[in-house]
Amino acid sequence: TYIVEGGTRLKQVNTALVPNFNYANVPNAAAYNLCIGVQDMDPLSVAVLHISVAESDTGSLAKSGFTQMLPSKDSRSLRRENKGTRNVVKSGDFVIKRGGVEVHFNSGVMAKVKNGIVETGVISQWGYYTSWVPSTSNDVGSFFPAPASGAYIFRPTSPDEKLHMLKPLVSKTKLVENELFTEVHTTYEGGWVNQVVKVYDNKPYIDIEYTVGPIPINDDVGKEVVNRFRTSISNNGQFYTDANGREFLKRERSRRQTWDMEEFEPVAGNYYPVNAAIYIEDDESSVAVLTDCSQGGSSLNDGSVELMVHRRIIEDDSRGVGEALNETSGGILPYPPFGDASRVGDGLVITGTHRLMVGDGTSGARMARSEMDEMFSPVHVFAAKSTKEGGALQSSFESSTLSALRSGLPRNIQLLTVKLLSSDGTKKSLLLRLGHAYGRGESNDHSHPVSLDLSGLFVGMTLVDVKEKTLTGNQDKAEWRKNKMQWMEDSGQTDSFGIQGATVLLKPMEVRTFVITVEA
């Protein structure tokens with residue numbers, strides 16, 4: 001039995017022990033994952049949890065096989081129940097409801113999502129495009145007319161190629177239920193794509209965790225793998241992608257807003273970089289998908305959102321790398337004359353998460369903003385040994401919760417940078433960079449200017465001085481403004497400048513940099 005104890009701020013520590021199916025075939029992987037539910041944490045804060053194993057239960061898991069683990073009400077320890085993992089072997093049609101989120105599954109895959117009063121069809125699909133390979137009559141070494149798909153270029157076999165769909169294997173669908181969340185595990189034909197849909201008790205989103213690879217190329221065809229969500233939203237060819245986590249840019253399928261375009265590549269030509277999120281919306285509902293790394297994405301048909309997660313290609317695109325995008329687990333042999341530069345091992349296996357959010361009409365940006373930072377920078381987990389004295393766990397922490405901030409920040413303020421520049425006795429100079437998390441018109445509650453008092457920002461530190469710098473921090477903002485060229489500007493939002501005492505103002509999407517002097 002695992003016993004998880006939190007501090008006074010963690011009134012109840014819910015836990016679940018779930019099996020690790022190890023779809024990525026990681027050597028010596030643990031058989032189970034211990035999942036711990038904690039409250040939302042403030043920026044620059046720590047929550048300390050003590051985890052122990054009851055001596056009387058050592059080895060009991062190995063004897064009994066897997067059974068679901070749930071916290072008991074009296075001692076916060078985990079008790080077994082005869083449920084947990086079960087196969088969904090019939091039609092694969094069922095409904096999961098956790099908190100305010102309801103997810104309908106057909107044939108083992110997601111088909112509809114209801115969040116509060118908003119309901120929309122969301123069909124989860126996996127497939128791939130085949131990579132274009134030049135014929136022997138083409139000049140592969142030139143930029144025109146026919147470069148292959150490769151490290152720098154996405155080019156499907158035909159310009160308007162349809163996605164080659166992978167069928168879900170309904171007989172292998174598994175359902176895992178516990179105190180914190182419900183998981184639906186789906187394996188797709190070929191066995192090299194596995195998906196876990198995770199619905200939480202107290203979260204407004206659904207996580208789609210995927211494991212893809214090794215991509216098979218025994219047919220000598222490169223493949224570029226896509227996760228597609230088909231929805232009932234009428235987005236009229238419009239979708240939005242972020243620009244490096246800041247502004248959302250409006251994209252229009254097969255159209256450019258500032259020039260007339262003659263389209264030759266209707267699939268590749270409508271792919272855009274997605275650093276943090278992509279969304280579509282209409283007047284009735286919105287769907288946003290957040291990524292945990294930069295990917296290519298598009299909406300090639302009304303109601304659809306797709307993201308490319310993995311690629312394995314057998315030809316070079318002649319852009320300087322000099323080898324195909326065919327990465328393998330064993331690497332590559334030396335180039336001639338010391339070897340033949342052939343690949344060793346299987347193709348790479350990748351894992352990742354797409355966070356799906358469903359909301360009311362024209363709310364895509366607001367939904368994405370609310371979770372982008374957590375998706376980009378999740379909580380870091382550290383582990384250390386604790387000792388027991390008199391039967392009680394001992395910790396080097398005086399408190400089980402601590403924070404460097406006096407209080408939490410407003411929801412629309414980002415603490416982007418805190419860096420020690422110098423220290424002289426009790427005085428310290430810090431580089432401080434703050435950002436506004438929302439754009440204009442994205443949220444009724446958060447898309448407005450917000451003030452922040454820097455004097456009470458950090459625990460145990462008194463503010464002595466504040467100087468505003470340029471964005472990169474290498475010039476005083478006041479001097480820079482004197483020397484900059486003065487343009488005749490149209491009316492609109494201008495940058496904030498000046499500090500009222502220790503209070504600074506941040507307008508939507510604005511980032512401001514300061515050097516502050518504090519005294520401990």
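In this predicted model, the structure holds 20 salt bridges. The exercises below look at some of them.

**Exercise 1.** Find the distance, N to O, at which the side chains of Arg255 and Glu252 meet, and decide whether Glu252 is buried or exposed.

*Solution.* Begin with the contact itself: Arg255 and Glu252 are joined through their side chains by a salt bridge of 2.7 Å, N to O. Next, take the accessibility of each partner in turn. Glu252 has a relative accessibility of 16%, and because buried means under 20%, Glu252 counts as buried. Arg255, at 42% relative accessibility, counts as partly exposed.

**Exercise 2.** Determine which parts of the chain are linked by the salt bridge between Asp302 and Arg253.

*Solution.* First, note that the closest N and O atoms of Asp302 and Arg253 are 2.8 Å apart. This pair links distant parts of the chain, since Asp302 sits in the loop between strand E24 (295-298) and strand E25 (304-312), whereas Arg253 belongs to the loop between strand E20 (248-252) and strand E21 (272-274), 49 residues apart. Finally, Asp302 is partly exposed at 41% relative accessibility, and Arg253 is partly exposed with a relative accessible area of 23%.

**Exercise 3.** Locate Arg355 and Glu374 in the chain, and name the network that they belong to.

*Solution.* Start from the salt bridge between Arg355 and Glu374, whose closest N and O atoms are 3.9 Å apart. Arg355 lies in strand E26 (residues 350-360) and Glu374 in helix H2 (residues 364-376), 19 residues apart. Salt bridges with shared partners then join Asp207, Arg355, Glu371 and Glu374 into one network.

Note on methods: Residues are numbered from 1 along each chain as its sequence is written. This is a predicted model: local features need pLDDT of at least 70, side-chain atom pairs count only at pLDDT 80 or more; totals for chains, interfaces and linings use all residues. Side-chain values use heavy atoms; hydrogens and water are left out. A salt bridge is a side-chain nitrogen of Lys or Arg within 4 Å of a carboxyl oxygen of Asp or Glu. Buried means under 20% relative accessible area, exposed over 50%, partly exposed in between (1.4 Å probe, protein chains only). Helices (H or I, at least four residues) and strands (E, at least two) are DSSP runs, numbered from the N terminus.
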